[in-house]
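The structure is shown first, and the notes follow by topic.

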Amino acid sequence: MEMIERYIYAVSLRLPQGQRRDIAEELRSLIEDMLEERNDGRPIENSDIEKVLIELGSPAKLAEKYRGTNRFLVGPDLFPAYLSVMKMVLIIAVSAIGIIFAVETILTPMSILQHFVDFLISLFVTATQVFAWITAGFAVAQYFDMEPFGLAGVYDRKKWDPSELPTVPDEKKRIKRGDVLTGIIFSVLLLVVIRFSNHLFGILLFEGHDLETTIPFLNDEKLVEVMPLIYLLVVFGIAKEITKLVAGKWTKKLAITNLVINGAIFLLAMLILRDQAILNPDFVQQLTESWGVSKQQEEYATIEIVWNQSYNLALAAFVISLLIDTMTGFYKALRK
Amino acid sequence: MSEVDELVEKLLQELRRGTITIGVLSQLDEPQYGYSLVSILSEKGMPIEPGTLYPLLRRLEKQGLLESKWDTNGGRPRKYYLLSRKGKEVLDQLKKEWKSIVGNMEGLFRESEGTNDGND
């Protein structure tokens, strides 16, 4: 009789909590009915029970029948897109980290062991983050039953109208994989550079062949403060590219989405750059000191101007590229 | 020959799977518990495994075609299923459809046998 309980337990383990008790009761009475009929009054032995259980099928299979439809974290419709996004981002992230490892090793070959440890840690942290976020994003899409436009169309599965079939996109409006890839590479590079190698992101000063010191462009402490915002920025950047990839071609709707996301990216960037607090406040001083230029000299003022102008230039380049990206979207969407 | 048998068996299985629901609904004018249905259906030439029937009964109940009640009086507690009002309506329509399918199929067979005879 113990075998029956074990069987019922094995089945109910695989069922939703709410249905377990009822199904267990029903199964128990079924098995007893079956035993009674098969044995016709003969005392029941373990071998009889085994025969009945084998007839009922394995617990996993029976539970599957009870559950009916399969439930997915990421279902077959979304899976191809999931896989290709995952591959793309993982490959980019791993190569970015690899490049950093190579650069660090070239710069300071003596501490290769330390670099290698850093490399492994970054690899692990990034890979788990990438995996978790992409999976979470697709799981949400699955939960709300979203379908990739490019694959299944936006029409109802059962009552669909052939006139709703998506048109084959014009070659000029088609979104190229390469563009999307570039966008994602840019976002990931930004993250990797800032997150893991701020100490290399600056002016490198060499003593002979060895890296003597770096004068960083950014303020390390402030950077830690705004790190969550930077993560958000990267998430927006990648979300934008994935939206494009899923849409497959430029439409007015996509151009507007692109505008909204770019607007959000702009606001976030302004928040991160607020008061220029993220910049290294002692940059000019550190640089002039290492070059042996004193505050009174004319060069000091020149260096200060160059530093400020470079910042403005970088900011301008960022804003202009956002504008161009936004307008290109509308141009491609609206042209015939 | 065995390959033909295998194919026939496979196709037959698909065919049966489609008819099980109507068969089950047709026997639930009176309340029945799962295992009594297994016996009734197999007596009437429509054998069904309990492992298939029990989940099916539950699904039909969830769809609102069946109502169920536990009977704990006397001996073993058993869950009885009975056609709901909606279930009756659905069954009536299904029966009509079934008859027309049978009629149409017979028509198809007659025709093809007729043309085959004519050609040979």
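**Interface and helix notes**

Seven salt bridges are counted between chain B and chain A. The model is predicted. One of the salt bridges joins K79(B) to D22(A), with the closest N and O atoms 2.5 Å apart.

**Extent of the contact**

- The contact draws 16 residues from chain B and 18 residues from chain A.
- Between them the two chains bury about 1700 Å², and carbon and sulfur atoms account for 50% of that area.
- On the chain B side, the residues that lose the most area to chain A are Y35(B), R58(B) and R76(B), which together make up 38% of what that side buries.

**Polar contacts and the chain B side**

- There are 14 residue pairs in polar contact between chain B and chain A, both residues being at pLDDT 80 or more.
- Elements of chain B that give two or more residues to the side touching chain A are α2 (34–43), α3 (50–62) and β3 (78–83).
- The largest share of that side, seven residues, is supplied by α3(B).
- By type, the residues of the chain B side are eight nonpolar, three polar and five charged.

**Helix α3 of chain A**

- In α3(A), residues 46–56, the buried residues are D48(A), I49(A), V52(A), L53(A) and L56(A).
- Viewed down the axis of α3(A), these buried residues lie within an arc of 130°, so they line one face of the helix.
- K51(A) and I54(A) are exposed on the other side of α3(A).
- The cover over the buried residues of α3(A) includes α1 (2–13), α2 (20–39) and α4 (59–67) of chain A, together with α3 of chain B.
- After α3(A) comes G57(A), which has a positive phi near 95°.

Notes:
Residues are numbered from 1 along each chain as its sequence is written. Chains are lettered from A and ligands numbered from 1 in the order in which they are written. This is a predicted model: local features need pLDDT of at least 70, side-chain atom pairs count only at pLDDT 80 or more; totals for chains, interfaces and linings use all residues. Side-chain values use heavy atoms; hydrogens and water are left out. Contact means heavy atoms within 4.5 Å. Buried area is the accessible area (1.4 Å probe) that two parts lose on being put together, summed over both. A salt bridge is a side-chain nitrogen of Lys or Arg within 4 Å of a carboxyl oxygen of Asp or Glu. A polar contact is a pair of N or O atoms within 3.5 Å; within protein, one must be able to donate a hydrogen and the other to accept it, and residues adjacent in sequence count only if both atoms are side-chain atoms. Helices (H or I, at least four residues) and strands (E, at least two) are DSSP runs, numbered from the N terminus. Ala, Val, Leu, Ile, Met, Phe, Trp, Tyr, Cys and Pro count as nonpolar, Asp, Glu, Lys and Arg as charged, and the others, Gly among them, as polar. Buried means under 20% relative accessible area, exposed over 50%, partly exposed in between (1.4 Å probe, protein chains only). The arc is that of the directions from the helix axis to the C-beta atoms.
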